[in-house]
Amino acid sequence: MRAARLSPADIVALGLVGLRVRRARAALSALGIAIGIATMVVVMGIPASSEQALMRDLQRLGTDLLQASALPDQQPPAAFDERATAMTRRIGPVTGASAMANTHSTIARNERADNAAATTVLAAEPGILDLLDGTVRAGRWFDATTETFPAVVLGAEAAGRLGIQDPAGGPQLYIGRRWFTVTGILDPIPLAPEIDRAALIGWPAAKQQLGFDGRPTVMYVRSHDSAVETVREVLPATVLPQAPGLVRVTRPSDALAAKRASETTFSALFLGMAGVALLVGGRRA
């Protein structure tokens, strides 16, 4: 006897026999499969969305941010190379870098007052605000024009100390024996609270108006999370090649460790759920 082969039409007809004979069972099976798929989508979707929200919150804490500054109380004081920002940006894993510098200038509402003890006057590179996720509460940040003019942007606390709540009308401050016009007020910057207490001057204007030498005193650097420790090791020799031992670099924050632990936990959770789904599906099959 020769073996007979079923045609495709016969195979389909045979498969439909069970559906016709046991309609209730087929309907319940289809309903169970649909409910199972929907449940897995929901169960997998909730942790996935929670993971993304947690990662965003941790990212706002500056898990990829490093701050480099010269050790205090050095004689003479250490100052970074004028090309420190450009050299730092050439480090492979670095995604952004910007600098500030203390101009050591006095600041006051008029020629007879002095508020230098409470407010620091900093020269700021234009990209510092975006790097630190800062926002302007009122007025505007420096642009290609205003960074060369005698203009000043106040941190949130500095504005309150100086009694300026709105830059409209062009209030002026007496900085380094020169008048500067207030053009903006910043919101608080959690990643750099020292800026909240400072008055910021454009980098070119600080050179022209205050005699600033153009050498940064603080560097802010962002890099890929996986390479933060590597960047931290090479950063001192980059910003101060002649004396890297005089550079202090912040350690990766606890937020970075929390982020990595969360990523590992969520990965294990997803793998566990996938294993349960495969086990249940295999037993039903």
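Mentor: Here is a walk from the overall chain down to the salt bridges, with a couple of other spots at the end.

Keep in mind that we are looking at a predicted model. The protein chain has 285 residues, and 39% of them are buried. Its secondary structure comes to 9 helices and 11 strands. If you take the contacts between residues at least 6 apart in sequence, 75% of them join residues at least 24 apart. The accessible surface is about 16200 Å², with 58% of that belonging to carbon and sulfur atoms.

Now to your part. Searching the whole structure turns up 5 salt bridges. One of them joins the side chains of R222 and D64, at 2.4 Å from N to O. R222 belongs to strand 10 (residues 218–223), while D64 is in the loop between helix 2 (23–60) and strand 1 (65–70), so this pair ties together parts that are 158 residues apart in sequence. Both R222 and D64 are buried. For R222, the relative accessible area is 9%, and the cut-off for buried is under 20%.

R222 has another partner, too: its side chain meets that of D133 in a salt bridge, at 3.2 Å from N to O. Again distant parts of the chain are linked, since D133 is in the loop between helix 4 (128–131) and strand 5 (136–139), 89 residues away from R222 in strand 10.

For a contrast, have a look at D81 and R83. They form a salt bridge as well, with the closest N and O atoms 3.2 Å apart. Here R83 is exposed, with a relative accessible area of 55%, whereas R222 is buried.

Two other spots are worth a glance while you have the model open. S105 is in the loop between strand 2 (94–102) and strand 3 (107–108). Despite that loop position, S105 is buried, at 14% relative accessible area. Beyond its neighbours within four places in sequence, S105 is in contact with V121, I175, G176 and L210.

Then there are the rings: the whole structure holds 3 aromatic pairs. Among them is the pair of Y174 and W179, which is tilted, with 5.0 Å centre to centre and 55° between the planes. Y174 is buried at 17% relative accessible area, while W179 is partly exposed at 34%.

Conventions. Residues are numbered from 1 along each chain as its sequence is written. This is a predicted model: local features need pLDDT of at least 70, side-chain atom pairs count only at pLDDT 80 or more; totals for chains, interfaces and linings use all residues. Side-chain values use heavy atoms; hydrogens and water are left out. Helices (H or I, at least four residues) and strands (E, at least two) are DSSP runs, numbered from the N terminus. Buried means under 20% relative accessible area, exposed over 50%, partly exposed in between (1.4 Å probe, protein chains only). Contact means heavy atoms within 4.5 Å. Accessible areas come from the Shrake-Rupley method with a 1.4 Å probe; for residues, only the protein chains shown count as cover. Rings of Phe, Tyr and Trp (its six-membered ring) pair if their centres lie within 6.5 Å; planes under 30 degrees apart count as stacked, over 60 as edge-to-face and the rest as tilted. A salt bridge is a side-chain nitrogen of Lys or Arg within 4 Å of a carboxyl oxygen of Asp or Glu.
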